[in-house]
Structure formats: structure tokens, C-alpha cells
Amino acid sequence: GQGEGEGESGEGGWRLTGRKSFVIDGTTADLVLVVARTVGGPSLFAVDSTAPGLTAEPMETLDATRAMARLTLDAVPATRVGADGAGGRIMAKVLDIASVGLAAEQAGGARRCLETAADYARTRHQFGRSIGSFQAVKHKCADMLVQVELAEAAAREAARLAAEGSPDFPVAAGVAHVACSRAYMFTAMENIQVHGGIGFTWEHPAHLYFRRAKSSQLLFGGPAVYHERLLDRLGI
């Protein structure tokens, strides 16, 4: 999630105060991991969902299929995870792994958008023939295929390096995040275009893929953030 939080240590242990937004499954999770500022720097804490002082409110977002919540913490008791000030280092690794998991989902969503667009282009007839026979539609489907193949390759390579514990994994995770975010957004938009008028309707599922693609693109900070993260890891 995003937001501010501070942790203070006293006789009763650690207490957290602040707000966090866009917390995935924040209203249903049994345990919440929170990054908060301490004297030692950003630190990671575990908070029980039933802890006094913690309130979780559902958020209305673009993608209704991914539940988000806003958490408010008012002197909430918490347990520190790892050393004081180690939250940034821990979350960097967690973010890499989460990015690869998200990349796999994005690649799968992009593939599905391509499949539904191609199927519709084969069966939808206009001017006495399938719209898939028109060059403009062919180009759209071909461009979608290029993006899908690139995304799948990037996600697969990042997953392989993660399993091997390779030192190249952080860079591969960044590449997968960039490639798969771009591919899913592109194919979701082109899928709507290939479907034409029906693709813009509420009844057709094309908009659900678009919403998911956009929310996934912004989930870990958006293009500007993860492009900068990738450049930093490449030493550029």
C-alpha cells in the first residue's frame, strides 16, 4: 500500500500510527505487513487485523475485481519483522518477487486479450467477409502477438532466475515488470478496438481486462517509478 506511518517503541512494545491506502485485500487479511518510519529508518512490522486502533475501509477503485482498502492506524500494537531500519532492504526483495508474480498475471491477461480479439476477428463478418481479412485488423493482431510473446519471455526468464537465486534476478524482475505492464495495457486497448462498438459496452468483458491492466500497471508505483527502478539497477 501507499501512505505514511510511524513506529514508536515503548514499554508495551511497538506502536504504529498513520494511514496506508491501496492495500490489497486489506479488509479480509488476517495479518498485515506495514512499513513505518522509526529512529533507525524504515522498518517492517506485522500487525494483526484484530488489533485495537486498526480500522480498514474498502476503497472504490477502477478495477473492482482487485479489492483494495485504506488502513488507519492509531497507536496500533505491532511486531517488528527483521532488524530496525531494515524495512527498505526487505521490501525491495519482496517487491521484486511480487513484480514477477504480477508480470505472470499480466502476460496471461495479455494472451487472453489477443485470443479473444483474434477469435472475434475470425467470426465477425462485414462487407461479406470476416474482419480478420482486413489488413488494418491483421496489423493490430500481429502487433498484439509481438507484445504478448515479449511479455511471456520476460516473465518466464525472471521466474527462472528467481528460482535459481541468481544475482541477475533484480534486473530481470524490473524488465518483466516493464514489459508485461506495457503488453497488457496495449493488448487490452487493442482488444477493445478490434471488437468495435461492442467492445465499449458494459456487457462485454473487454473493459474488465482494460481495468485490470491499468490497475496492474499502477499497482507498484506506475511506469515512472518502475522505469527509474530498472535504470538504477542497471547503473544508468
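Are α1 and α4 roughly parallel or roughly antiparallel to each other? I am working on a predicted model, in which local features need pLDDT of at least 70 and side-chain atom pairs count only at pLDDT 80 or more, while totals for chains, interfaces and linings use all residues. Residues are numbered from 1 along each chain as its sequence is written, and side-chain values use heavy atoms, with hydrogens and water left out.

**Helix pair**

I found that the axes of α1 (87-123) and α4 (residues 206-218) come within 11 Å and cross at roughly 155°, with axes fitted to C-alpha atoms over the stretch in contact and angles running from 0 to 180 degrees between N-to-C directions. The two helices, α1 and α4, are therefore roughly antiparallel, a label for angles over 145 degrees. From α1, the contact (heavy atoms within 4.5 Å) takes Leu102, Glu105, Gln106, Gly109, Arg112 and Cys113, and from α4 it takes Tyr209, Arg212, Ser216 and Gln217. Sorted by class, these are three nonpolar, four polar and three charged residues, where Tyr and Cys count as nonpolar and Gly as polar.

**Cavity**

I searched the whole structure and noted one cavity of 30 Å³ or more, a cavity being a set of points on a 1 Å grid over the protein atoms alone where a 1.4 Å probe fits but cannot get out. The largest cavity holds about 40 Å³, a volume being the space filled by probe spheres set on the points. Its lining (residues with an atom within 4 Å of a point) consists of Asp96, Ser99, Ala173, Gly174, His177, Arg229 and Arg233. Of the helices (DSSP runs of H or I, at least four residues), α3 gives the largest share of that lining, three residues.

Conventions:
On a 1 Å grid over the protein atoms alone, a cavity is a set of points where a 1.4 Å probe fits but cannot get out, and a pocket is an open set with protein on both sides within 12 Å along at least five of seven lines; lining residues have an atom within 4 Å of a point. Angles under 35 degrees count as roughly parallel, over 145 as roughly antiparallel, 65 to 115 as roughly perpendicular and the rest as oblique.
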